[in-house]
Amino acid sequence: RFPAQDPVAEVTVITDIDCPYCRRLHQQIEGYNDRGISVNYLMLPRAGRGSGSWEKAVAAACATDPEGALTDAMNGVDLAPASCEHRIGNEFTLARSLRSTGTPAFVLADGRLFDGFVGPADLAERLE
């Protein structure tokens, strides 16, 4: 979870650590937060269970600092393999059920879904 200091909106982003546009989005996380947009991630390792993307998502989820580990992974840092009770399977199933066509995808509180990368300024405009 990447909360805005003074939130005006909250979005859920369907993401994959190995998706280039997801990485681009995460590199701009402060831009979303600066506009009052809190961002929650729903992991959808598109390569599926047991893939490298899946293992990266699990490693981030099981880290002592999941948000920091996710940021590292999104910046191309190799995380140490990890194992713990996690929600990646549930998130994967939920993300698939939303019928998004890819990653990233934004799910808004009112149920709207935007597929593809949307920058901070554009998203703030869409949320108004």
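Let's start with the cysteines. By the distance rule used here, the count comes to one disulfide. This is a predicted model, so keep that in mind throughout.

Which two cysteines form the disulfide? They are C62 and C84, and their sulfur atoms sit 2.0 Å apart. Now look along the S-S bond of C62 and C84. The torsion there is about -85°, so this disulfide is left-handed.

Where do the two partners sit? C62 belongs to helix α3, residues 52-62. C84 is in the loop between α4 (66-74) and α5 (88-97). The pair therefore ties together parts that are 22 residues apart in sequence.

Are C62 and C84 buried or partly exposed? One of each. C62 has a relative accessible area of 18%, so it counts as buried. The cut-off for buried is under 20%. C84 comes out at 31%, so it is partly exposed. C19 is buried, with a relative accessible area of 2%. C22 is buried too, at 1%.

Next, the strands. Start with β2. How many residues of β2 are buried? Seven of the seven, so the rest of the structure largely encloses this strand. Now go back to β2. On one side you find I37, V39, Y41 and M43.

Move to β1. This strand is mostly covered, with five of its seven residues buried. β1 has two pairings to show you. With β2, the pairing is parallel and runs over seven bridges. As an example, I14 has L42 in β2 as its bridge partner. With β3, the pairing is antiparallel, over four bridges. There, V13 has F106 in β3 as its bridge partner.

Another pair is Y32 with F106. The ring centres are 6.3 Å apart and the planes stand at 45°, so this pair is tilted. Y32 lies in helix α2, residues 29-34, and F106 lies in strand β3, residues 105-108. So the pair ties together parts that are 74 residues apart in sequence. Buried or exposed? Y32 is buried, with a relative accessible area of 0%. F106 is also at 0%, and it counts as buried.

Last topic: charges over rings. Find R24 and F117. The charged end of R24 sits over the ring of F117, 4.1 Å from the ring's centre. Then find R126 and F114. R126 lies over the face of F114, at 4.6 Å from the ring centre.

Note on methods
Residues are numbered from 1 along each chain as its sequence is written. This is a predicted model: local features need pLDDT of at least 70, side-chain atom pairs count only at pLDDT 80 or more; totals for chains, interfaces and linings use all residues. Side-chain values use heavy atoms; hydrogens and water are left out. Rings of Phe, Tyr and Trp (its six-membered ring) pair if their centres lie within 6.5 Å; planes under 30 degrees apart count as stacked, over 60 as edge-to-face and the rest as tilted. Buried means under 20% relative accessible area, exposed over 50%, partly exposed in between (1.4 Å probe, protein chains only). A charge sits over a ring if NZ of Lys or CZ of Arg is within 6 Å of the ring centre and within 35 degrees of the ring normal. Two strands pair if DSSP finds at least two bridges between them. A disulfide is a pair of cysteine sulfur atoms within 2.5 Å.
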